[in-house]
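Me: Hi! I have this chain open on my screen and would like to talk it through with you. Could you take a look with me?

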Amino acid sequence: MESRSFARRLAAAALAVSQLASAQNPGTATPEVHPPLTTWKCTTGGGCVAQNTSVVLDWNYRWMHTATGYDSCTTSSGINSTLCPNEATCAQNCVIEGANYTAAGVQTSGSSLTLNQYVQGSTGLTSASPRTYLLDSDGNYVMMQLLNQELSFDVDLSTLPCGENGALYLSEMSATGGRNEYNTGGANYGSGYCDAQCPVETFKNGTLNTNNSGFCCNEMDILEANSRANAFTPHPCNAAGTDCDKGGCGFNPYAQGNKNYWAPGGTLDTSKPFTVTTQFATNDGTKTGTLAFITRKYVQNGQVLASAVSGGDTITTSWCNAADSSAATFGSLTTMGQALGRGMVLVFSVWNDNGQYMNWLDSGNNGPCSSTEGNPATIQQNYPDTHVVFSNIKWGDIGSTVNTGGSVSSSSSSASKTTSTPTSVKTASTPVKSTSTTSSVKTTTTANGATQTHWGQCGGQGYSGPTQCAAPYACQTQNAYYAQCL
């Protein structure tokens with residue numbers, strides 16, 4: 001959204017003033033040590049295998065200085081044009097340093113990532129507002145190919161008040177972060193950021209951006225939330241990569257009419273952690289099909305808590321096009337699905353909005369917050385410890401990532417396999433009256449006798465996979481495009 005774009009540009013400008021900036025080749029003053037973060041890749045047949053992943057802080061949050069000294073290569077308005085008149089000269093004159101992750105508000109422990117809005121420094125409390133990416137063991141970003149797959153994680157946003165945004169989303173960045181002869185750090189130093197707001201940055205995919213052009217790419221906002229409101233939103237871009245659907249067709253429970261759902265003590269109690277699962281189902285049940293719908297599941301205390309007043313927490317192409325007048329122009333869910341199939345980078349951030357106080361997310365029709373509660377000055381004064389925790393990140397086959405218990409045991413020196421299987425999770429209705437009904441779908445055994453696992457797809461328009469659910473689950477219709485083993 002435009003408000004988010006403004007806030008991101010403002011944050012980048014503030015960081016430049018404090019000499020945290022973009023650069024090219026790595027320096028030696030501060031080693032780059034990536035905080036490890038255990039994640040899992042899952043299949044319905046093989047369980048979940050731990051990945052050797054870590055997080056890396058964004059390129060723009062770092063110190064850039066002269067290669068032969070410690071003079072800054074940036075000014076309050078951006079890059080020093082004398083030191084960096086072009087890319088080759090800039091690479092000779094300037095280096096980029098590793099990050100102090102603690103000072104940047106980033107902490108990891110096992111499978112848990114904590115992002116702090118504010119950190120205590122020598123001059124007092126300052127806004128860190130970190131943005132990080134999931135990094136693979138080869139020094140490139142993890143490229144999640146989520147078409148006809150799902151992504152699950154636990155989140156604790158209990159300390160995020162009105163005006164804060166704990167965000168987990170996907171961006172179609174380059175796997176290498178634009179690594180080249182003048183930018184050897186690449187993804188290892190968090191370069192190559194882009195999103196659907198087409199941000200203008202000093203370095204565009206690792207290359208000096210001399211014409212100040214925007215860097216657009218497909219973006220799928222999995223979760224943008226605080227303790228009072230949330231949304232998940234696809235943002236497809238045109239084929240030329242010159243413009244995107246900046247507003248997107250966001251699904252916000254409060255805006256859908258369920259005003260008592262997302263709140264501390266609400267149906268989904270945001271004062272406590274919960275699990276978020278997002279499924280990207282195709283029209284034919286394959287990884288090469290067309291994205292037909294995006295379905296959201298929230299699980300807390302062993303129960304699935306649907307937030308929608310009717311129809312389920314699902315974005316279809318028709319719903320998206322009706323909710324967002326620009327969606328069809330950019331190919332709507334079809335374009336979003338193509339990006340998911342190619343692979344996208346997982347992004348984690350926490351931030352607030354000096355421009356519009358995050359009103360687009362949590363005020364007016366979108367949430368219960370007043371138009372001024374999100375003022376960052378107010379947040380810093382009243383909520384200095386505000387932070388978000390993401391943990392237990394899993395992705396893979398639909399139905400393979402939801403697990404309410406179990407243990408992990410080692411299977412090799414580099415990976416471990418989850419030996420437990422998902423346990424039964426009850427579906428609980430919300431206190432909002434629903435006009436839709438959930439009915440059983442007639443199931444038939446496929447030619448090879450295959451059965452679908454708990455949570456897996458078992459029917460729907462265009463679906464050609466298994467329609468028989470493994471005992472004791474039954475195939476239940478969610479909408480015209482999707483039936484699920486529950």
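Me: Let's start with S109. What is its bridge partner in β10?
Reply: The bridge partner of S109 in β10 is S112. A quick word on the source: this is a predicted model, where local features need pLDDT of at least 70, side-chain atom pairs count only at pLDDT 80 or more, and totals for chains, interfaces and linings use all residues. Residues are numbered from 1 along each chain as its sequence is written, and side-chain values use heavy atoms, with hydrogens and water left out.

Me: And how do β9 and β10 pair?
Reply: Strand β9 (residues 106-109) pairs with β10 in the antiparallel sense, over four bridges. Strands here are DSSP runs of E with at least two residues, helices are runs of H or I with at least four, and both are numbered from the N terminus. Two strands pair if DSSP finds at least two bridges between them.

Me: What's going on with G110 in that hairpin?
Reply: G110 takes a positive phi near 65° there, and the hairpin has two residues between its strands.

Me: Which residue of β27 does S112 stand opposite?
Reply: That is S391. β10 and strand β27 (residues 387-397) also pair in the antiparallel sense, over five bridges.

Me: Is β10 mostly covered or mostly open?
Reply: Mostly covered: four of the five residues in β10 (residues 112-116) are buried. Buried means under 20% relative accessible area, exposed means over 50%, and partly exposed is in between, with a 1.4 Å probe and protein chains only.

Me: Nice. Changing topic: where does N226 sit?
Reply: N226 is in the loop between β18 (219-225) and β19 (230-235). Its relative accessible area is 0%, so N226 is buried.

Me: What does the side chain of N226 make a polar contact with?
Reply: With the side chain of D362, at 2.9 Å. The side chain of N226 also reaches the backbone nitrogen of A229 at 3.1 Å. A polar contact is a pair of N or O atoms within 3.5 Å; within protein, one must be able to donate a hydrogen and the other to accept it, and residues adjacent in sequence count only if both atoms are side-chain atoms.

Me: Which residues is N226 in contact with, leaving aside neighbours within four places in sequence?
Reply: Among them are L157, P161, C162, E164, W262 and L361. Contact means heavy atoms within 4.5 Å.

Me: Q279 next. Buried or exposed?
Reply: Q279 is buried, because its relative accessible area is 2%. Q279 lies in strand β22, and its side chain makes a polar contact of 3.0 Å with the side chain of E150. Q279 and I398 are 119 residues apart in sequence, yet 6.6 Å apart in space, C-alpha to C-alpha.

Me: And T288, buried or exposed?
Reply: T288 has a relative accessible area of 72%, so T288 is exposed. You'll find T288 in the loop between β22 (274-282) and β23 (291-300). The side chains of T288 and T286 are joined by a polar contact of 3.3 Å.

Me: How many disulfides does the structure hold?
Reply: Eight. A disulfide is counted here as a pair of cysteine sulfur atoms within 2.5 Å.

Me: What about C198 and C216?
Reply: C198 and C216 form a disulfide with their sulfur atoms 2.0 Å apart. The pair links distant parts of the chain, 18 residues apart: C198 is in the loop between β15 (164-171) and β16 (203-204), and C216 is in the loop between β17 (207-208) and β18. The torsion about their S-S bond is about 115°, so this disulfide is right-handed.

Me: Why does the pair of C249 and C320 tie together parts that are 71 residues apart in sequence?
Reply: The disulfide of C249 and C320 has its sulfur atoms 2.0 Å apart. C249 lies in the loop between β19 and β20 (262-263) and C320 in helix α3 (residues 317-323), so the pair ties together parts that are 71 residues apart in sequence. Both C249 and C320 are buried.

Me: Last one: how many helices and strands does the chain have?
Reply: The protein chain has six helices and 33 strands. Of its 486 residues, 53% are buried.
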